[in-house]
Amino acid sequence: MNTSLDPPEPRTTPAVPERFFFDRFGLDPGTLESTLGTALARRADFADIFFEFRSSDSVSLDEGLVKKANHSIVQGAGVRVLAGEKTGYAYSDEVSVERLRVAARHACAIAAADGIERGIDLRAPGRPGHDLYPVPSGEIRRPLPERVELLQRIDREARGFDPRIRNVMASVGTEERLVLVANSAGELVADVQPLLRVNVTCIAEDGTRRQQGSAGGGGRHAFSWLVGDTERALGFAREAARQAIVNLDAVDAPAGQMTVVLGAGWPGILLHEAVGHGLEGDFNRKGTSAFAKLLGERVASELCTVIDDGTIASRRGSLNVDDEGTPTRRNVLIEKGRLVGYLQDRLNARLTGVAPTGNGRRESFMNYPLPRMTNTFMLAGEDAPEDVIRSVDRGLYAVAFGGGQVDITNGKFVFSASEAYLIEGGRIGRPVKGATLIGNGPDVLTRISRVASDLKLDDGIGTCGKDGQSVPVGVGLPTLRIDGITVGGTRA
Amino acid sequence: MLARVVEAARRAGATDCDAVFVEGEASSCSVRLREVENVVLSRERRLGLRCFVGRGSAAASTADLDGTAVERFAADVVAMAGVVAPDPTGGLPDVSLLARDVPDLAIHDPAGLDTSPEERLERARTCEAAALDSDPRIVNSEGAEFSARSSSVAYASSRGFAAEYRGTGYTLWAAPVAGSGGAMQSGSWYDTRRSLARLEDAESIGRTAAARALRRLGARPVPTQEVPIVFDPQAAASLAGHVASAICGGALYRRTSFLLDRLGEAIASPLVTLVDDGRLCGGLASRPFDGEGVATRRTTVVEAGVLRSYLLDTYAAARLGLATTGNAARSVGDVPGASPTNFHLLAGTTPAADIVRSVERGLYVTSLSGFGVNPVTGDYSRGAAGLWIERGEFVHPVEEVTIAGNLLDMLRGIEMVGDDLEPRSSIAAPTLKISRMTIAGR
């Protein structure tokens, strides 16, 4: 019997997550084996079933009032069949033995009919090799009054920063995602993935000038990460207010190619857009990425080593296993300037004759997996950050960014600064209005001439979109200098 | 189902509530390099409930539709609403505003849902083949995909209102890759319609996609300068989208809009008229009632350059002292918020070719990238690609540049409006010429 919905008070996740799915949907390993058998009835290479249960909560404040309290339960399962380069996928949010069988029959229609029915023996469920986010279930989401009170404190903190803060929008989101993967290789893997975030946006007004500032943070943490002695949530409130006030004085941004210094942390979105997407296995197998034939080639200056690491404890982009059940790992993409690796899911790894790298991710059971990033960052260099800024006579110093985007095929990428300053004579000058930076992925990192020692990962609010699927990711960067990238301001 | 959940919420102590139930089925199939690549089938059902306890409210959604689960779900939402601080503005819309009829808006055409899997694959195959065969420089492909979907949306509230509508959608796209001298460029084209019979011919979509990829070959940056900019209809639609976001209720009471306090003011050139029409026949965003049961309608937002109306839901309207415009959008588990429906910048009289001919030196923009738009100030800076114009003719493709300005100056600087409005997406615009913007490049 379904015991259904999350009660308003914290639920306790079973110590054995696969049991949760078996109990909830009336399944057992035998049903999964026979469903996988149905999926493989035609001439297929591989089949898997992905189960998901996601309970998420969000509370939002605006104009000093908590205006929204949301709760959502998403659950469902998808059956996937791979045959050569073909993928068949069928999913439903109604989960039953009968539905799974129908889905398996639909998914295998892509394979040639002359297969032989094979028996599947699922091994005893494996525990992921690492436990990167051991958060007790009751510690993820706290009772609603606690979350409401936190938002009210954020509101007071931001308004108290400066009387020119006219509105504060803040939200706290908590999520618990349970996944179970069973596949035709006999693997049965489950994971429980907590996710916490807080976002704050402030509107500052001074006469006719109006500006905004944003900050936030999170990760696979307990709720206490936001409060407690560190009061991290209040820090994000002050940061959003500070950025809005700084931007009130922003002058027009310059236009044209110039030297740019990127600050540590979130500006790592440079790596995500300029190289990360271009190194995803699907685009490279298909030959549609600007990086397709560059393995082993120099694509960055010797100062650059770029890593994608899904195994950093508690990070937003980390996972014990990816959404195909493969354990995540630390993958070197660029080593001292040379391209050494791509990001792979099972399909693309098999088709290109390499091992999966633990990067097969999906937004939910409504999607089949794709090669995706986890936490993407550049290793620290040796310069002091102040020296990197001091080395620039005229240029731009950008410390905060909004989103970015890339055209995989021609390699052109953009990312938009939301807090930036002019550098004049080696000193940080006036703040400038937000501007988009545009460059070419395969050559922008070759122009990096200084890398500082201050590697920092972002605060944990990044979301990456690909083919309509959003997944949580992280980025990181030390302060660095790019000798020439186009800055899209208005002052020609 | 909805009557049951509304009743359960009332029993649990809700003073008011409304609920939505959305069911959908979709299928898609794609080919790449003439072989089947992906086939996806889906089925979804979701229940959403919003409850008021006095002036406090909460919303939730679930896919667990088991009998006792729904009862418990309703009780949980009521409990949440009881904890949230009362908001003096909250409440359901006035009964007199609710849709009294569910007119036929030509948004449901199930005929196309019966097509066989082979027929669907054939459309994708034909579309991609037309792209691959159109020129030897088409060297690769991201594939072509056909998809069909149907959905039903039911709404009920504790004020006794209950209604339902159905819709269908059919989409076909192709994304070939052109190559020359080691450089590659992708191009894509698509069509999406409520009725399969109205979908653009598969070969024509494939050929257009190929032409869009081919014309980008050899692209290069241009020097930093200020010039006139022509936006093709796809790029122009994104400008209309920025206006739409700025005139939706939430952006106004939160003070996050560059169009704040400008009702009655000339915010654009007199050539610009923008209309939101929730009842457009066959419209991709048409629906008989909004996410609160309020009848949808046609609203002139900007008339000959003058801002005439915002787009509002019940809450935003109450906050601003205005009346709802029937623009409440509602994702199943969320509280409603104002959003555009079919939002079009109406066609002018100038043929697009004449607009290009009028430019001595400038950029014709065919694609924009990134998120460099500040909604609060209207400051605009985005990556752009397109074609360079000299003496009224296209001379070479352009890439790796940005265009920048301020949205208010851009809207007021619209010098010409094309006659080529084609509602391929719910937010649409014809070719537009803006007198001057800054290009940053080499």
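Residues are numbered from 1 along each chain as its sequence is written, while chains are lettered from A and ligands numbered from 1 in the order in which they are written. Since the model is predicted, local features need pLDDT of at least 70 and side-chain atom pairs count only at pLDDT 80 or more, whereas totals for chains, interfaces and linings use all residues.

Let's start where the chains meet. Chain A brings 71 residues to the contact and chain B brings 66 residues; by contact I mean that the C-beta atoms of two residues, placed from the backbone, lie within 7 Å. On the chain A side, the largest share is 12 residues from strand β2 (residues 65-83) of chain A. When I name helices (H or I, at least four residues) and strands (E, at least two), these are DSSP runs, numbered from the N terminus. That side of chain A has 27 nonpolar, 32 polar and 12 charged residues. Here Ala, Val, Leu, Ile, Met, Phe, Trp, Tyr, Cys and Pro count as nonpolar, Asp, Glu, Lys and Arg as charged, and the others, Gly among them, as polar.

Strand pairing also crosses between the chains. Strand β3 (residues 86-92) of chain A and strand β2 (residues 35-53) of chain B run parallel, joined by six bridges; two strands pair if DSSP finds at least two bridges between them. Look for Tyr91(A), which sits opposite Ser42(B) in that chain B strand.

Now let's take chain A by itself. Its domain 1 covers 17-247 and its domain 2 covers 255-488, with bounds from an automatic or database domain assignment. Taken over C-alpha atoms, the centres of these two domains of chain A are 23 Å apart. Between them, 39 residues of domain 1 of chain A are in contact with 27 residues of domain 2 of chain A. The domain 1 side of that contact in chain A divides into 15 nonpolar, 15 polar and nine charged residues.

Chain A also has an open sheet of six strands, in the order β10-β9-β8-β13-β22-β19, with mixed pairing. Why is one side of β10 (338-339) and of β19 (456-457) of chain A left without a neighbour in the sheet? Both stand at the edges with a single partner strand each, so one side of each has no neighbour there. Elsewhere in this sheet, β13 (residues 375-378) and β22 (residues 474-477) of chain A run parallel with three bridges, and Phe377(A) has Gly476(A) as its bridge partner.

Over to chain B. The assignment gives domain 1 as 2-214 and domain 2 as 219-442, and the centres of these domains of chain B are 23 Å apart over C-alpha atoms. Here 32 residues of domain 1 of chain B touch 24 residues of domain 2 of chain B. On the domain 1 side, β3(B) gives the largest share, four residues, and by class that side has 18 nonpolar, nine polar and five charged residues.

One helix in chain B deserves a stop. Helix α4 (residues 202-214) of chain B has 13 residues and reaches 19 Å from its first C-alpha to its last, close to the expected 18 Å, which is 1.5 Å times one less than its number of residues. Is this helix mostly buried or exposed? In α4(B), 10 of the 13 residues are buried, so the helix is largely enclosed by the rest of the structure. A residue is buried if 20 or more other C-beta atoms lie within 10 Å of its own, exposed if 12 or fewer, and partly exposed in between, with C-beta atoms placed from the backbone. The buried residues of α4(B) include Ile205(B), Arg207(B) and Leu214(B), and among the elements covering them are α3 (117-132) and β6 (183-186) of chain B.

Strand β15 (residues 361-369) of chain B is mostly covered too, with seven of its nine residues buried. Strand β8 (residues 225-231) of chain B runs parallel to β15(B) through three bridges, with Phe231(B) opposite Val365(B). Strand β16 (residues 379-390) of chain B runs antiparallel to β15(B), with eight bridges, and there Ser369(B) stands opposite Gly383(B).
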